[in-house]
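Student: I have a model open and want to walk through its fold. Can we start with the terms?

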Amino acid sequence: MEKKHLGWSGIEVSPVCIGGMSFGKVFPDFHQWVIDQPATQAVIKRALELGVNFIDTANVYAHGTSEEFIGQSLKNLGVKREDVVLASKVFFNEGHLSREAINREIDGTLKRLQTDYLDLYIIHRFDYDTPIEETMEALDSLVRAGKVRALGASAMFGYQFHNMQVAAEENGWTKFTSMQNHYNLLYREDERELIPICRQFDVALTPYSPMASGHLTRPTWDSDSVRSKTDGTMANKYNAARENDQKVIDRVAQLASEKGVPMASIALAWHWAKGVTAPIVGCSKPERVEQAVAATEVKLTEKDVAFLEEPYAPHEIVGALARPGEKPLAGTDVNLK
C-alpha cells in the first residue's frame, strides 16, 4: 500500500490503522469482546505482512493491557521499532491533561509498549480543568525530550482544537498533526467545524469508528455478536438515530451489491474519498485485516459518494465532552470510544 504523510509531521503511515481497543484482558467493567495476546499477535503479524504500519491504542484500553499486548507482540515478532508507527492516548486518567498527569502517563505507556518513544501521542479528549497552555507546553516537552515524535488530538469541539493550535503557535510549541475524531457515514457532524479547521492546519484525519461499530458492515441494524449484546457505548452512540440511519445503511448495502464488494469496503472507501488519511479499524481476526486492506482498492466516484450521503440527517453530538456542570449533550460518549 502507498503510504501517506501524517499531516504536516512527515511521518509516513499506511492508509489503514489497526485499532488497539480490540486487544487486552477481559475485565468486568470494560469491553467483553477483546482478544488475548496470542490473537493480538496474529492480527498484528498479518497487518505488518500486508504493509500496515500504523497501530493505535490508549493508556486505558482494557486497563492498559492493550498496550501490553501490542508491545509484547511486536517484541515476539522481532519487529524493528522504525518499521511501525505507534500511537497512544492520555486523558481518561487521574489528572486528565495536567502537566503532572501527562508526564506520569507517558512513562507508563512507554513501559507497557516496551519502547523508548511514541510516534504519536494523542489527547483523548479536551480537558476543561487544565489551562490549554499547561497541556500544550507539557506535550511539547515530551517532543523535545524525544519521548514523542508528534502530537494528535481526539474528539472535541472545533473551537477547542483551534484554540489549542493557536496557543502552540503563539508560544513556539509543537502543534497537533492528527485528529482522531468520530466520523463515518452515520455520523458526519464534524464536517461543520472541526474538519475544516483540521484542513486549515494541515492536520491528518484518522477517524475512529469508521464502520459505526459494525452498523455499516451488515444490512440489518442488530447482530448476534458479543459486542452488539454487551457494548453499551455503541448503543449510546448510534441507537438514538436508528430509524434515519438505516436509510444510509440501505444505500451502503445497495452500492456494495452493485460493486460486488463487502459493505465494510464501501464504508472504508468513503473515508478515503473524503480525504481521510487513515481510518482506525478494529480487527479481532487476521481476516479482518485482509478485508480492510482489500478495501483500499475500492474507488468511489463523486456520484457514489453523493448517493451514500443523501439520506443523512443532523445528529446530536457524540464524542466531544460537555463542560462539567452543564447538562450532558444527548448521546455524548462518556465511556470511551
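Predicted model: local features only at pLDDT ≥ 70, side-chain atom pairs only at ≥ 80, totals over all residues.

Student: Over how many bridges do β8 and β9 pair?

Tutor: Two, in the parallel sense. Strand β9 covers residues 204-205. Serine 178 stands opposite alanine 204 in β9. Between β8 and β9 the chain passes through helix α6 (residues 194-200), and this β-α-β crossover is right-handed.

Student: What does right-handed mean for a crossover?

Tutor: Point the strands away from the viewer. The path from the first strand over the helix to the second then runs clockwise.

Student: And on the β7 side, how many bridges join β7 to β8?

Tutor: Four, and the two strands run parallel. β7 is residues 148-154. Leucine 151 stands opposite phenylalanine 176 in β8. With α5, the strands β7 and β8 make a right-handed β-α-β unit.

Student: How many residues of β8 are buried?

Tutor: Five of its five, residues 176-180, so the strand is mostly covered. Buried means under 20% relative accessible area, exposed over 50%, partly exposed in between (1.4 Å probe, protein chains only).

Student: Switch to β5. Why is it largely enclosed by the rest of the structure?

Tutor: Because six of the six residues in β5 (residues 85-90) are buried.

Student: Which residues cover each face of β5?

Tutor: Val85, Ala87 and Lys89 are on one side. Leu86, Ser88 and Val90 are on the other. All of these are buried.

Student: What about pairing between β4 and β5?

Tutor: Strand β4 (residues 54-56) and β5 pair in the parallel sense over three bridges. Aspartate 56 has alanine 87 of β5 as its bridge partner. Helix α2 (residues 65-76) carries the chain from β4 to β5 in a right-handed β-α-β crossover.

Student: How many bridges does β5 have with β6?

Tutor: Four, in the parallel sense, with β6 at residues 118-123. Lysine 89 has isoleucine 122 of β6 as its bridge partner. Serine 88 stands opposite tyrosine 121 in β6.

Student: Is β6 itself buried or exposed?

Tutor: Buried: six of its six residues are, so β6 is largely enclosed by the rest of the structure.

Student: And how many bridges join β6 to β7?

Tutor: Five, with the strands parallel. Isoleucine 122 has glycine 152 of β7 as its bridge partner. The chain gets from β6 to β7 through α4, again in a β-α-β crossover that is right-handed.

Student: Helices now. At what angle do α1 and α2 pack?

Tutor: About 60°, with their axes 9 Å apart; α1 is residues 37-49. That makes α1 oblique to α2. Axes are lines fitted to C-alpha atoms, for helices over the stretch in contact, and angles run from 0 to 180 degrees between N-to-C directions. Under 35 degrees is roughly parallel, over 145 roughly antiparallel, 65 to 115 roughly perpendicular and the rest oblique.

Student: Which residues of α1 meet α2?

Tutor: Gln37, Thr40, Gln41, Ile44 and Leu48. Their partners in α2 include Phe69, Ile70 and Leu74. Contact means heavy atoms within 4.5 Å.

Student: How do α4 and α5 cross?

Tutor: At roughly 60°, with axes that come within 10 Å. The helices are residues 132-145 and 158-171. Ile132, Thr135 and Met136 in α4 meet Asn163, Met164, Ala167 and Ala168 in α5.

Student: I clicked glutamine 160. Where does it lie?

Tutor: In helix α5. At 2% relative accessibility, glutamine 160 counts as buried.

Student: Which residues is glutamine 160 in contact with?

Tutor: Phe126 and Tyr128, leaving aside its neighbours within four places in sequence.

Student: And what separates glutamine 160 from arginine 188?

Tutor: 18 Å between C-alpha atoms, at 28 residues apart along the chain.

Conventions: Residues numbered from 1 in each chain as written. Heavy atoms only, no water. Pairing = 2+ DSSP bridges.
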